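Look at the model first, then read on.

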Amino acid sequence: MAELNEAQSALQAATEDAEAATRRLRTQKETVSAELRSLREQLAREDILRRAREREKALRQQTREVSEQIAQTDRTLDLIDQFTRYKTEHVTDSINGCFRLARFRLFQRQVDGGLVDCCDVMCGGVPYKGDLNDGARVCVGLDIIDTLSRHYGLRLPVFVDNAESVNADRMPTLENQVIRLAVTDTDEKVRLEL
């Protein structure tokens, strides 16, 4: 009996020791599991951070490439603007070179630097439609008729109304037949002079 009691006491002590060891191991397991979860979370954050850094690096490279493309496009646009300015000046100069009095403004510069097509007749920097006097209008009109007649090889009669607004010595000479219509104070009837 004594051996049995001793064995039971030893079994009970061993059971208690085993339960205490099991509790200790479970506590250690929970601690290690919590540590493992913490490390996994930290690794996940580091992975996210690493991917974010890689994405940032890729975006910086893409920004440099886009900046280079923008700079190239700006250079191309500047070259196009220079060509357009040269072309407009060349076209305007070549057309104006054909006329003695009349000058044409074919392009008008806008505030933003762009050009707008137009066709304004000028004489001495004064617009034909604006402040140009009647005599200058007649002379400019005759200059345009003479230039177009020479260009197309046609010599048709030209009627000049308001011819009194231009002195006879200032009237441009034309190879066309010129029919001057003038008002005079001394004449009460229409008369014809050759």
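In the residue classes used here, Ala, Val, Leu, Ile, Met, Phe, Trp, Tyr, Cys and Pro count as nonpolar, Asp, Glu, Lys and Arg as charged, and the others, Gly among them, as polar. The model is predicted: local features need pLDDT of at least 70, side-chain atom pairs count only at pLDDT 80 or more, and totals for chains, interfaces and linings use all residues. Residues are numbered from 1 along each chain as its sequence is written, and side-chain values use heavy atoms, with hydrogens and water left out.

**Pockets**

- A pocket is an open set of points on a 1 Å grid over the protein atoms alone, where a 1.4 Å probe fits, with protein on both sides within 12 Å along at least five of seven lines; lining residues have an atom within 4 Å of a point.
- The largest pocket holds about 600 Å³ of space. Volume here is the space filled by probe spheres set on the grid points, which are joined across faces, edges and corners.
- Its lining consists of 15 residues. Nearest the centre of this pocket are Arg180, Ala182, Arg191, Leu192 and Glu193.
- The second largest pocket holds about 190 Å³.
- Among the residues lining the second largest pocket are Leu101, Cys123, Cys139, Asn167 and Arg170.
- That lining splits into 6 nonpolar, 4 polar and 1 charged.
- Helices (H or I, at least four residues) and strands (E, at least two) are DSSP runs, numbered from the N terminus.

**Cysteines**

- A disulfide is a covalent bond between the sulfur atoms of two cysteines. The cut-off is a pair of cysteine sulfur atoms within 2.5 Å.
- The whole structure has 0 disulfides.
- Cys119 is in no disulfide, and the nearest cysteine sulfur, in Cys118, is 7.3 Å away. Cys119 is exposed, at 54% relative accessible area.
- Accessibility classes are buried under 20% relative accessible area, exposed over 50%, and partly exposed in between (1.4 Å probe, protein chains only).
- For Cys123, the closest cysteine sulfur is in Cys139, 7.9 Å away and too far for a bond. Cys123 is buried, at 17% relative accessibility. Both Cys123 and Cys139 line the second largest pocket.

**Salt bridges**

- The structure has 10 salt bridges. Each is a side-chain nitrogen of Lys or Arg within 4 Å of a carboxyl oxygen of Asp or Glu.
- Asp47 and Arg51 pair at 2.6 Å, N to O. Both lie in helix 1 (residues 2–96), 4 residues apart, about one turn of the helix. Asp47 is partly exposed at 25%, and Arg51 is partly exposed at 46%.
- Arg105 and Asp120 form a salt bridge, with the closest N and O atoms 2.7 Å apart. Arg105 is in strand 1 (residues 103–109) and Asp120 in strand 2 (residues 115–123), so the pair ties together parts that are 15 residues apart in sequence. Arg105 is partly exposed at 31%, and Asp120 is partly exposed at 24%.
- Arg155 and Asp146 meet at 3.4 Å, N to O. Arg155 is partly exposed at 33%, whereas Asp146 is buried at 5%.
- Arg155 and Asp146 also belong to a network of salt bridges that links Arg100, Asp143, Asp146, Arg150, Arg155 and Glu175.
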